[in-house]
Amino acid sequence: MKKQIHPAAKTYLIRGALHLLLLLALSAIPFALAQSPSRGTTEGSAAKHGSTLPAVPQFSSGTLGARLLIASPPPEAPQTVLYDQYNNAGANVTASNSFTDLPTFSADSADDFVVPAGQTWAVQSIDVDGEYFVGAGPATDWNVLFYVDNAGFPGAQVYNSTHQPVQRNGRTFTINLPTSAMLNPGTYWVEIQANMVFGTQGQWGWTNRTVTSYNAAVWRNPGGSLGSCPTGGRRGATCGIDASAPDQVYRLNGTIVSAQLGNISTRAFVQTGDNVMIGGFIVQGTAPKRVIIRAIGPELTQYGVPNPMADPTLELHDGTGALIASNDNWQQTIIGGIITANQVVAIQSSGHAPGDPRESAIIAELPPGNYTAIVRGVTNTTGVALAEVYNLSSSSDSILRNISTRSFVQTGDNIMIGGFIVQGSTPRRVVIRAIGPELGAPPYNIPNALANPTLELHNGSGALIASNDNWMTTILGGIITSDQVHDIMDSGHAPTDPRESAIIATLPPGNYTAIVRGVDNTTGVGLVEVYDLD
């Protein structure tokens, strides 16, 4: 890799600095010029880093002083380079900080990238080009967040890892993620933010890039004290920060994972007794698998789901049925079974911390075997809940597979919805089943079994790609182009009752949803399953 030297790092003075100085003058706090929060630093000869603060009226115009910042070459990436924007560095940096002492001056930058079709990335580290200014740092620690794209801007958050250490080599800051960010094909945004105490550490800026890849970077100052883009916008075009260099300099490192099932979820209306939600999964391979299991309820409100479960609890059982872990409220670890230490920090660092303290989560290192997660409501309350299992390790020595969830299937918003992900770079052949009558027969004898379940399969965009009602009658359409009855029988997973439903599909990497309903809006206990046939 060629060595890269780029010009002095500079940014622009904004009116937010004037607002802060006026506030500090009124409070009689003796701040120095080098302690004035701004979007960055602008090269100049009139003032030097650490100089005495001029009179407040002079801050309505002029420049901020800064030392000359010379770039050192970026180091070679420690893993395979998945995505590279470590080039075309501009002359300026943009502040991306979270301040504990001046929270309304906190700001964050984000830039987008694309995971190509047919690949799944395990992002393990990020290199960003930047520099401290208005203070020598170092930052206390760092935040890394990933979002899916929503019409050219950051949408739903899919990963967060906060308060992480950094390795610095000149202007290159490398953040190693405690757990890989698993990203399927699509457009994503990455946000990098330094956690700092402005009064003693100063600010950190992310180097701007003169070339735009995909969408231009976005920036926001939620507290509003910097006077621009409190709700976010294009950094250059909307927020007025260095329009000549609209992107950011960074690089993503990690691995492209092999095809496998991962990150499993099921949404259903959770009742009591035999009608709680029961999720099953298998760890296969030669090594333990690190996973996080979650029970989500209150968080569903923001997605418009009616009747969310107010306070879900979570149990984890092994293949013998023994209770090996439990949780009620993820910020309070329940020690016992395989849980021997407080898990709150590990859950926060996993990138999958629940969004509400009443929700439950367990991190577990599970040896190969069968496992069951049970979701109930505290004090027998009911409501719509989500049971999830996320893969926290990218090792190919063990995989998640053969996923199932049992719950009471109702109508409308309270049908059963199972989600799963095909990860990797190649398609995966699976059979998806909707089971009902089999549950009511021996040896299960489950009361109120769903008499005639139907099955739909949707892709990541929500499009219906396959359906079935009674597995011995194939419904042609979408990805189903020929009769499947013999293939289902040969798979080893043919349902035992002709009223049950099944689909065999070869699915490229991506997100999928299986929906189970009762024919003619009938209700009852149903089972949705995904079996890996490869």
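## Strand β2 and its partner

Ala95 stands opposite Gly205 in β11. Strand β11 covers residues 203-209, runs antiparallel to β2 and is joined to β2 by four bridges. Two strands pair if DSSP finds at least two bridges between them. Helices (H or I, at least four residues) and strands (E, at least two) are DSSP runs, numbered from the N terminus. Strand β2 is mostly covered, with six of its seven residues buried. Buried means under 20% relative accessible area, exposed over 50%, and partly exposed in between (1.4 Å probe, protein chains only).

This is a predicted model, in which local features need pLDDT of at least 70, side-chain atom pairs count only at pLDDT 80 or more, and totals for chains, interfaces and linings use all residues. Residues are numbered from 1 along each chain as its sequence is written, and side-chain values use heavy atoms, with hydrogens and water left out.

## The chain overall

The chain holds five helices and 31 strands. It has 534 residues, of which 56% count as buried. Contact means heavy atoms within 4.5 Å. Among contacts with a separation of 6 or more, 79% come from residues 24 or more positions apart.

The volume of the second largest pocket is about 630 Å³. Its lining comprises 26 residues, and Ile278, Gly280, Thr372, Ser404 and Leu527 lie nearest the centre. Elements that give two or more residues to this lining are β17 (277-285), β22 (369-377), β24 (398-409), β26 (428-435), α4 (437-440) and β31 (524-532). Strand β17 supplies the largest share, five residues. By class, the lining has 12 nonpolar, nine polar and five charged residues.

The pocket terms are set on a 1 Å grid over the protein atoms alone: a pocket is an open set of points with protein on both sides within 12 Å along at least five of seven lines, and lining residues have an atom within 4 Å of a point. Grid points are joined across faces, edges and corners, and a volume is the space filled by probe spheres set on the points. Ala, Val, Leu, Ile, Met, Phe, Trp, Tyr, Cys and Pro count as nonpolar, Asp, Glu, Lys and Arg as charged, and the others, Gly among them, as polar.

## Backbone points in loops

Two cis peptide bonds sit at prolines. One joins Gly137 and Pro138, with omega about -5 degrees. Pro138 is in the loop between β5 (121-133) and β6 (141-150). Another joins Pro442 and Pro443, with omega about 10 degrees. Pro443 lies in the loop between α4 and β27 (453-458).

Asn88 is not glycine, yet its phi is positive, near 50 degrees. It sits in the loop between β1 (80-84) and β2 (89-95). Asn88 counts as partly exposed because its relative accessibility is 37%. Thr379, also a residue other than glycine, has a positive phi near 50 degrees. Its loop runs between β22 and β23 (383-391). At 70% relative accessibility, Thr379 counts as exposed.

## Val345 and Thr162

Val345 belongs to helix α3 (residues 344-349). Its relative accessibility is 56%, so Val345 counts as exposed. Val345 and Thr162 are 183 residues apart in sequence, and their C-alpha atoms are 9.7 Å apart in space.

Key:
On a 1 Å grid over the protein atoms alone, a cavity is a set of points where a 1.4 Å probe fits but cannot get out, and a pocket is an open set with protein on both sides within 12 Å along at least five of seven lines; lining residues have an atom within 4 Å of a point.
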